[in-house]
Amino acid sequence: MTELLASFIEYAANLPWLELVAMLLALVYVILAALGSIWCWPAAFISTALYTVIFYDVLLLMDSALNVYYLLMAVYGYWLWQKNTSASSLQNNEHNTAHLAVISWQFSWHVKACLILTVISLVLGYVMANYTPAAFPYLDTFTTVFAVFATYLVAQKILENWLYWIVIDFVSIYLYVEKDLMPTAVLFIIYVAIAAYGYLKWQSLLQQNKINVYQSING
């Protein structure tokens, strides 16, 4: 037990500070996103800028490219949520909670989307496997392609985005453990729990939206 504790202390003392900062900001992002706070997007912008460099350094090339996309989506997400933030919350100096309504897409729509994304992942994975030095080309591409789509769903406040993230996070945990990115692997374990919370939280918001619409229609 003493040896295990000593090993952990030694490991923690030698953590790459860049990865640690990126991990903490990414954690802030997903927590604020689950709560519906617009400030999730600035945290996402900084963390993804750092992860672009980190993943490129360990040849997770598709993950690195994905984080460039995340940078753009952080700007888009902030703009979209800001546009739908009530003027009263800004005047009262409250936490900027986005008022873009949570919606749900039909199961059949998600099945079609997953089939298309799987085909894209296989094609791009083949290219990465045969024409680049990328590590884990198929799994890395799978997480990238589906994360691109899931991030768009977050920005649009689609309830099912959290289910996509749960699957993506589990696959990512394996990749990061294999690449010895242990702080990031721990981060994604936490992500799984937060994604589950986010799904339940947004589901309750969706139900509340339906109640509000019903009450407004029926007086």
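The model is predicted: local features need pLDDT of at least 70, side-chain atom pairs count only at pLDDT 80 or more, and totals for chains, interfaces and linings use all residues. Residues are numbered from 1 along each chain as its sequence is written, and side-chain values use heavy atoms, with hydrogens and water left out.

**Helix packing**

Two packed helices are described by the angle between their axes and the distance between the axes. Helices are DSSP runs (H or I, at least four residues), numbered from the N terminus. Axes are lines fitted to C-alpha atoms over the stretch in contact, and angles run from 0 to 180 degrees between N-to-C directions.

| Pair | Angle | Axis distance |
|---|---|---|
| α7 (residues 137-155) and α8 (residues 161-178) | about 150° | 9 Å |
| α4 and α7 | about 0° | 10 Å |
| α6 (residues 107-131) and α7 | about 140° | 8 Å |

Angles under 35 degrees count as roughly parallel, over 145 as roughly antiparallel, 65 to 115 as roughly perpendicular and the rest as oblique. α6 is therefore oblique to α7. α7 and α8 are therefore roughly antiparallel. α4 and α7 are therefore roughly parallel.

α7 crosses α8 in a left-handed sense, while the crossing of α6 and α7 is right-handed. The near helix is turned from the far one by less than a right angle, anticlockwise for left-handed and clockwise for right-handed.

Contact means heavy atoms within 4.5 Å. For α7 with α8, the contact residues include Phe-142, Phe-146 and Phe-149 of α7, and Tyr-164, Trp-165 and Ile-168 of α8. This contact has 15 nonpolar, 4 polar and 1 charged residues. Nonpolar covers Ala, Val, Leu, Ile, Met, Phe, Trp, Tyr, Cys and Pro; charged covers Asp, Glu, Lys and Arg; the others, Gly among them, are polar.

**The cavity**

A cavity is a set of points on a 1 Å grid over the protein atoms alone, where a 1.4 Å probe fits but cannot get out; lining residues have an atom within 4 Å of a point. Grid points are joined across faces, edges and corners, and a volume is the space filled by probe spheres set on the points.

The count is 1 cavity of 30 Å³ or more. The largest cavity holds about 420 Å³. Its lining has 29 residues, and Tyr-29, Tyr-70, Trp-165, Phe-188 and Tyr-191 lie nearest its centre. α8 gives the largest share of this lining, 7 residues. By class, the lining has 20 nonpolar, 7 polar and 2 charged residues.

Terms used: Helix = DSSP H or I, 4+ residues; strand = E, 2+ residues; numbered from the N terminus. 1 Å grid on protein atoms, 1.4 Å probe; cavity = no way out; pocket = protein on both sides within 12 Å on 5 of 7 lines; lining within 4 Å.
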